[in-house]
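Trainee: Could you walk me through this one, feature by feature? I'd like to learn how to read it.

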Amino acid sequence: MTELSIATAAGVFDAIAAGPPEGRPVLLLHGFPQTGLAWRRQLGALAARGHRAVAPDQRGYSPGARPKRPEDYRMDLLVDDVTAIADALGWASFDLVGHDWGGAVAWWTAHAHPGRVRTLTVVSTPHPGALATALRTDEDQRERSRYMIDWRETPATEERMLAHDARVLRGLYAGKVPPEHAETYLRRLSRPGALTAALNWYRAGRPGAAIGAVEVPTLYVWSTGDSAFGPAAARETERWVEGPYRFETLRDVSHWVPEEAPGALNRLLLDHLRAHDAH
């Protein structure tokens, strides 16, 4: 495992990487409130199979790419970051993996740049169109998503999350994230401006355009213990993929799949990459 600094026009992104430089490239996008460290076990598994795997700390999480305004975290800019990072790494095409907010960015990137994304793997996060449908039609999903309104509209969210030794922020991990990872996330997000930047993902507003169906080979992994995304949006996601599609459900696993169930996820991810090796 090595550390990288990836320079782009939007700033410098910190990242961790594993595997031979000439290996098939895989880019992994983390969510809130984490960093690229969330993919540590996946990086090792990918490297062992000869892949070149890179997990950047995304916009706002990397100190060198931390604009202050909420509008600087619009989805189109987050997608631009993905392609800029790939350009800086010299990757004309790559396999893309995302979880939580990273999953949302991955869906949008695969839709916007199907010629560059070889395969897509999304963990937890349904297709944005499927989530929008569920929010309109499913009370369970509306209840699950109410926290986003609170975080977006409450100015004191940062103070509340960091009060009393970051009790609220710490509680989000629900004991499912390795303690050493959680401490790293808390330490980084406690630095001045870091948590506000991470919350700006929620405050940036809706994407400026609609997203359509994804055409690239897609693996979607959902878990029954996910508190944020329910079964309605998970089942609806199939309607938003026009390419080869595989949907897998992990029983009794929480939202934090990459760290709570790395073995199961790694097997699915590696199978997906093998199945589409010639794509």
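Mentor: Let's start with open space: the largest pocket has a volume of about 1000 Å³. Keep in mind that the model is a predicted one.

Trainee: How does one see where empty space is left?

Mentor: Rolling a probe the size of a water molecule over the atoms shows where it is. Here, 34 residues line the largest pocket, and Leu-131, Leu-135, Met-148, Arg-206 and Pro-207 lie nearest its centre.

Trainee: Which helix gives the most to the lining of the largest pocket?

Mentor: That's α4, with 7 residues. At least two lining residues each come from α2, α3, α4 (128-137), α6 (146-153) and α9. By class, the lining of this largest pocket splits into 23 nonpolar, 5 polar and 6 charged residues.

Trainee: And what about the second largest pocket?

Mentor: About 340 Å³ of space lies there. Its lining has 19 residues, with Glu-3, Asp-14, Ile-16, Asp-57 and Arg-188 nearest the centre. β1 (2-8), β2 (11-18) and α8 (179-189) each supply at least two residues of that lining, which divides into 9 nonpolar, 4 polar and 6 charged.

Trainee: Speaking of α2, how do I read its packing against α3?

Mentor: Two packed helices are described by the angle between their axes and the distance between the axes. For α2 (residues 75-89) and α3 (residues 101-112), the angle is about 80° and the axes are 9 Å apart. The two helices are therefore roughly perpendicular to each other.

Trainee: Which residues meet in that contact?

Mentor: From α2, Met-75, Leu-78, Val-79 and Val-82 meet Trp-101, Ala-104, Val-105, Trp-108, Thr-109 and Ala-112 of α3. That contact has 9 nonpolar residues, 1 polar and no charged.

Trainee: Last one: how is a pair of aromatic rings described?

Mentor: By the distance of the centres and the angle of the planes. The count here comes to 12 aromatic pairs. Take Phe-32 and Tyr-202: their ring centres are 5.5 Å apart and the planes sit at 85°, so the pair is edge-to-face. Phe-32 lies in the loop between β3 (25-29) and α1 (40-48) and Tyr-202 in helix α9 (residues 194-203), so the pair ties together parts 170 residues apart in sequence.

Notes: Residues are numbered from 1 along each chain as its sequence is written. This is a predicted model: local features need pLDDT of at least 70, side-chain atom pairs count only at pLDDT 80 or more; totals for chains, interfaces and linings use all residues. Side-chain values use heavy atoms; hydrogens and water are left out. Axes are lines fitted to C-alpha atoms, for helices over the stretch in contact, and angles run from 0 to 180 degrees between N-to-C directions. Helices (H or I, at least four residues) and strands (E, at least two) are DSSP runs, numbered from the N terminus. Angles under 35 degrees count as roughly parallel, over 145 as roughly antiparallel, 65 to 115 as roughly perpendicular and the rest as oblique. Contact means heavy atoms within 4.5 Å. Ala, Val, Leu, Ile, Met, Phe, Trp, Tyr, Cys and Pro count as nonpolar, Asp, Glu, Lys and Arg as charged, and the others, Gly among them, as polar. Rings of Phe, Tyr and Trp (its six-membered ring) pair if their centres lie within 6.5 Å; planes under 30 degrees apart count as stacked, over 60 as edge-to-face and the rest as tilted. On a 1 Å grid over the protein atoms alone, a cavity is a set of points where a 1.4 Å probe fits but cannot get out, and a pocket is an open set with protein on both sides within 12 Å along at least five of seven lines; lining residues have an atom within 4 Å of a point. Grid points are joined across faces, edges and corners, and a volume is the space filled by probe spheres set on the points.
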